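User: I would like to learn how to read helix packing and a few local features in a model. Can you take me through it step by step?

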Amino acid sequence: MNDQKMSCWRKKSKKKNSEANQRQRWFQENGKVLLEDLIELCNGKSNPIKTFSAEEILQATDNFSESNLVIRFNFMYRGILQNRPVLIKRATWNYYKSDTLEKICRDIAVSSMVSGHKNFLKLLGCCLEFEHPVLVCEYAERIPFNTPNPEMLLPWRMRIKIAKEIAIAVSYLHTALSRTMIHTDIQPFNIFLDSNGTTKLSGFCLCIAIPEGETFVKVHADRVEGTLDYLEYNYAATGLITEYTDVFSFGVLLQNFFTRTYGVVDCCCSEDESLFEEFEDKQNVMNLRISDRISKFVEEGRIFDMLDPKMLESMGDDETEEHKIRRMKAVLMLSLRCTGHRGDVPKMMEVAKELKRIEKWT
């Protein structure tokens, strides 16, 4: 081997060793934070988490190819890993700023704790050899939300099934683990459907654990995080996190899910003037949050104006129009209880039971 080839080989070898050393450092640093979070959340008694190498992840995603990017905002890629389709979640942005690592480790830790439940996106493992850990999950599709394609709009039966299964999943977070876990970011982007039509809740980066014996946690005002329209008023204003933080978000989810084309936001911000002709101050109505607007529509007896006509059609011909409206009203009234606009705010377990009852109405 001549001197030039020898020099080139040495450079490549040095670069390869440097990359391997960096990945080993990342593995140790990320593993330390993840282990600390697992110990905090479940006293170290968690399900074993499989780890994949960086080479396996890069090969599965074709080096995180743009063509494999399926959810741009969440940086989720499709891939084939060990002969099965998977979703690979990689944080490459500064959305969570200085605490990105802690947020991702929280996502991994909580995912590992709930992966045995069918209504959570199953964690298959993770890779700790990148600057920020990478999650490997079962493959599922995000629910079609606010889609302009009418053929992709989900029928009534599927919508009520999704709502029920998300309620069951959130109830599990609140009651089945050693500590009450508050999701704090229940919104459409964190909901998936597998090939069997089973609903999967995901996205635990913002999940908060309530200490044993306590009913709430309070964070500083500048630490309030989540999706604006889904934030509970009390949490947004004071940083107080309770089970009702999730109940409120779920109520907004119901309202978005069962009103015209998935959301009063769309129809209230559209050019459909007929929706406002009876209101004295249109601008004030538009500035209200979704739950406030729905409450106002219900008070005005204008439920039908909010409903998606195609969804009503999807409820089938074996029901009268009056019966369909009754079922829809039951869902909307439940959602308004969740957001504190009607009666006592229910626990998620009660919400799940009520949705099961509405689903079975004949």
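**Reading the helix packing**

Analyst: Start with orientation: α6 and α9 are oblique to each other. Angles under 35 degrees count as roughly parallel, over 145 as roughly antiparallel, 65 to 115 as roughly perpendicular and the rest as oblique. Helices (H or I, at least four residues) and strands (E, at least two) are DSSP runs, numbered from the N terminus.

User: What should I know about the source of the values?

Analyst: This is a predicted model; local features need pLDDT of at least 70, side-chain atom pairs count only at pLDDT 80 or more, while totals for chains, interfaces and linings use all residues. Residues are numbered from 1 along each chain as its sequence is written, and side-chain values use heavy atoms, with hydrogens and water left out.

User: At roughly what angle do the axes of α6 and α9 cross?

Analyst: Axes are lines fitted to C-alpha atoms, for helices over the stretch in contact, and angles run from 0 to 180 degrees between N-to-C directions. Here helix α6 (residues 243–258) and helix α9 (residues 290–299) cross at roughly 60 degrees, and their axes come within 10 Å. The crossing is left-handed. That word applies if the near helix is turned anticlockwise from the far one by less than a right angle; clockwise makes it right-handed.

User: Which residues make the contact of α6 and α9?

Analyst: Contact means heavy atoms within 4.5 Å. α6 brings F248, V252, Q255 and N256, and α9 brings I290, S291 and I294. By class, four are nonpolar, three polar and none charged. Ala, Val, Leu, Ile, Met, Phe, Trp, Tyr, Cys and Pro count as nonpolar, Asp, Glu, Lys and Arg as charged, and the others, Gly among them, as polar.

User: How do α6 and α12 cross?

Analyst: The axes of α6 and helix α12 (residues 321–338) come within 7 Å and cross at roughly 150 degrees. The two helices are therefore roughly antiparallel. This crossing, too, is left-handed. V247, F248, G251, L254, Q255 and F258 of α6 meet M328, V331, L334, S335, L336 and C338 of α12. The contact has nine nonpolar, three polar and no charged residues.

User: At what angle do α9 and α12 pack?

Analyst: The angle is about 130 degrees, with the axes 10 Å apart. So α9 is oblique to α12. The crossing is left-handed. S291, I294, S295 and V298 of α9 meet L332, M333 and L336 of α12. Five of these residues are nonpolar, two polar and none charged.

User: How many aromatic pairs are there?

Analyst: A pair of aromatic rings is described by the distance of the centres and the angle of the planes. Rings of Phe, Tyr and Trp (its six-membered ring) pair if their centres lie within 6.5 Å; planes under 30 degrees apart count as stacked, over 60 as edge-to-face and the rest as tilted. The count comes to seven. One of them is F64 with F130, edge-to-face, at 5.8 Å centre to centre and 70 degrees between the planes. F64 lies in the loop between α2 (54–60) and β1 (69–71) and F130 in the loop between β4 (123–127) and β5 (134–138), so the pair ties together parts 66 residues apart in sequence.
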